[in-house]
Amino acid sequence: MGLVPAPFSTATGTDIRVRFCPSPTGTPHVGLIRTALFNWAYARHTGGKLIFRIEDTDAERDSEVSYLQLIDAMRWLNLDWDEGVELGGPHAPYRQSQRTDIYLGVIQQLKAAGHLYESFATAEEIEARNVANGRDPKQGYDNFERDLTEVERGAYRAEGRQPALRLRVPDTDLGFDDLVRGEITFPAGSFSDFVVVRPNGAPLYTFVNPVDDALMGITHVLRGEDLLSSTPRQIALYTALIEIGVADFVPRFGHLPYVLGEGNKKLSKRDPESNLFHHRDRGFIPEGLVNYLSLLGWSRTHDRDVFSIVELVKAFDVVDVNPNPARFDVKKAESINGDHIRLLPVNEFARRLVPYLGGLIKDDADTLLLLKAAPLVQERMQLLGEAQALLSFLFTADDALEFDADALPGAEGAEVLDAALTVLPGVEWTTEAIEAALRAELIEARGIKPRLAFGPLRTAISGKRISPPLFESMELLGRESTLARLAKLRAAL
RNA sequence: GGCCCCAUCGUAUAGUGGCCUAGUACGCCGCCCUCUCACGGCGGUAACACGGGUUCGAAUCCCGUUGGGGUCACCA
């Protein structure tokens with residue numbers, strides 16, 4: 001059958017050039033970001049370059065808001081790039097909407113060399129033609145305009161029709177060695193000549209994507225599995241580009257597995273879990289999310305799945321990526337995030353908490369208090385968003401504190417509160433002294449079970465059934481507030 | 001439907017012919033620790049889709065079946 005002899009890239013080290021080239025539509029999807037991450041990690045691992053390009057050739061769907069969100073996402077996750085939007089580089093501009101002239105030039109060359117031909121048929125006509133010929137309408141275009149004569153083209157134009165441009169694809173098998181899947185061959189005839197330029201002259205993704213990859217010297221294309229079927233078409237285009245001198249080689253391809261949601265369906269854009277910022281809003285930290293995302297189709301070792309981004313870069317190789325689709329498991333993601341939260345230096349942890357505290361931190365005193373409280377909650381959280389429920393009592397006025405209904409004490413409440421109110425005024429105000437005094441009075445002297453003794457006190461000071469450790473919390477709150485809150489709950493019983 | 005991809009515990013994975021009576025992590029269950037919730041510790045549950053080959057030996061190689069997914073756009 002004979003493959004088209006395509007000279008694939010031989011880059012293996014610092015000459016590697018990968019790219020991230022999203023379309024700015026909608027909010028960043030976790031699958032898209034996983035693709036960005038793998039490209040980034042591969043560039044950093046090999047010492048190569050990451051190019052960040054924007055594919056905004058569809059004015060109908062593209063938006064500036066979406067573009068800004070992509071930048072935001074990359075920066076938030078600390079995925080930096082070497083050339084591209086916001087940064088420039090030798091192949092600028094990096095937004096396809098600004099590269100029209102470049103495409104026009106390539107189109108002219110390709111057309112002059114006979115690789116592109118004019119196609120006047122509409123979708124309806126193509127389908128009618130298939131039906132008439134007893135062909136499966138799903139078979140698509142049958143290349144029937146490949147050899148239209150000048151007279152025939154003139155006739156179409158006389159009707160006022162403008163032609164789309166199609167690439168003449170070679171009539172041979174087309175194959176490549178996929179970095180994650182191995183040898184893949186598409187038999188000749190698996191696909192037909194495809195449109196690369198609209199009748200209005202606007203080039204399509206199928207054209208601009210490989211053309212830019214060629215122009216920008218991309219050596220490795222790591223992208224979603226959904227693009228696997230279009231790879232032979234792109235190789236066909238590459239072959240033509242090489243012939244006219246626009247490209248020197250065909251990149252290596254690596255098709256990354258899908259990121260699935262619940263069940264067996266692709267994580268849809270409508271699903272909140274697919275939205276990167278949804279996870280940020282809930283309190284994922286970049287370290288945790290990057291770690292988890294890297295585990296979707298890849299693993300570092302057989303026995304450790306919590307690691308730093310440095311360790312990721314050191315170990316990452318695209319050939320180790322697993323070809324089967326992965327499900328996004330929120331529970332696992334949260335667990336890993338919790339591990340990374342615990343890995344943060346406590347000052348850093350406190351600093352990152354601030355945006356999740358709903359404006360609770362208003363001055364230096366609040367900041368100081370937060371710093372003292374941070375160690376109490378750092379190991380009890382998986383998401384930064386959990387902080388507010390745990391810590392808000394420290395930043396609430398005594399008379400404004402509300403007691404949750406499910407936290408209200410039972411029969412022993414009054415005795416416990418009265419006893420605490422009696423002992424606490426006289427103790428030294430440290431965690432140790434408070435605990436010693438309360439244990440002596442409630443547990444030892446009165447024989448109350450710890451659980452029952454401390455529950456009402458917890459409710460009194462925090463208003464909740466669940467809180468940071470009790471005695472530490474009292475110390476942070478101060479004697480005055482503590483006593484006021486105990487009295488308030490006592491009065492409410 | 002044509003073509004292509006995929007197939008290990010519920011989930012993510014380790015495994016590249018013998019180290020596998022299949023390892024790890026999350027989840028789940030139990031116990032310990034314990035002022036709540038967590039963290040931590042200990043133990044448990046649970047998988048090679050099926051059928052043929054090849055081989056002294058297969059989760060690992062080959063073929064087929066089944067199942068899932070993608071793609072066949074003048075979207076990207």
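Me: Which residues in α18 do Leu 369, Lys 372, Ala 373 and Leu 376 in α13 meet?
Reply: This is a predicted model: local features need pLDDT of at least 70, side-chain atom pairs count only at pLDDT 80 or more, and totals for chains, interfaces and linings use all residues, while side-chain values use heavy atoms, without hydrogens and water. Residues are numbered from 1 along each chain as its sequence is written, chains are lettered from A and ligands numbered from 1 in the order in which they are written. Contact means heavy atoms within 4.5 Å. In α18, the partners are Glu 472, Ser 473 and Leu 476.

Me: How many charged residues does the contact of α13 with α18 have?
Reply: Sort the residues by class. Ala, Val, Leu, Ile, Met, Phe, Trp, Tyr, Cys and Pro count as nonpolar, Asp, Glu, Lys and Arg as charged, and the others, Gly among them, as polar. This contact has 4 nonpolar residues and 1 polar. The number of charged residues is 2.

Me: At what angle do helix α13 and helix α18 pack?
Reply: Helices (H or I, at least four residues) and strands (E, at least two) are DSSP runs, numbered from the N terminus. Axes are lines fitted to C-alpha atoms, for helices over the stretch in contact, and angles run from 0 to 180 degrees between N-to-C directions. For α13 (residues 364-378) and α18 (residues 470-477), the axes are 11 Å apart. Their angle is about 180 degrees.

Me: Is α13 roughly parallel or roughly antiparallel to α18?
Reply: Under 35 degrees counts as roughly parallel, over 145 as roughly antiparallel, 65 to 115 as roughly perpendicular and the rest as oblique. The angle here is about 180 degrees. Therefore α13 is, to α18, roughly antiparallel.

Me: How are α12 and α13 placed to each other?
Reply: Helix α12 (residues 346-353) packs on α13 with the axes 9 Å apart. The angle is about 100 degrees. So the two helices are roughly perpendicular.

Me: How many charged residues are in the contact of α12 with α13?
Reply: From α12 come Val 346, Asn 347, Phe 349, Ala 350 and Leu 353. From α13 come residues including Leu 370, Pro 375 and Gln 378. The classes are 9 nonpolar and 2 polar. As for charged residues, there are none: no charged.

Me: What kind of aromatic pair do Phe 120 and Tyr 156 form?
Reply: Rings of Phe, Tyr and Trp (its six-membered ring) pair if their centres lie within 6.5 Å; planes under 30 degrees apart count as stacked, over 60 as edge-to-face and the rest as tilted. By this rule there are 10 aromatic pairs. Phe 120 and Tyr 156 are 4.6 Å centre to centre, with 10 degrees between the planes. The pair is stacked.

Me: What kind of aromatic pair do Tyr 292 and Phe 328 form?
Reply: Their centres are 5.2 Å apart. The planes make 85 degrees. This pair is edge-to-face.

Me: Is Phe 328 buried or exposed?
Reply: Buried means under 20% relative accessible area, exposed over 50%, partly exposed in between (1.4 Å probe, protein chains only). Phe 328 has 1%. So Phe 328 is buried.

Me: Which residue's ring does the charged end of Arg 34 sit over?
Reply: A charge sits over a ring if NZ of Lys or CZ of Arg is within 6 Å of the ring centre and within 35 degrees of the ring normal. Here the distance to the centre is 5.1 Å. The ring belongs to Phe 38.
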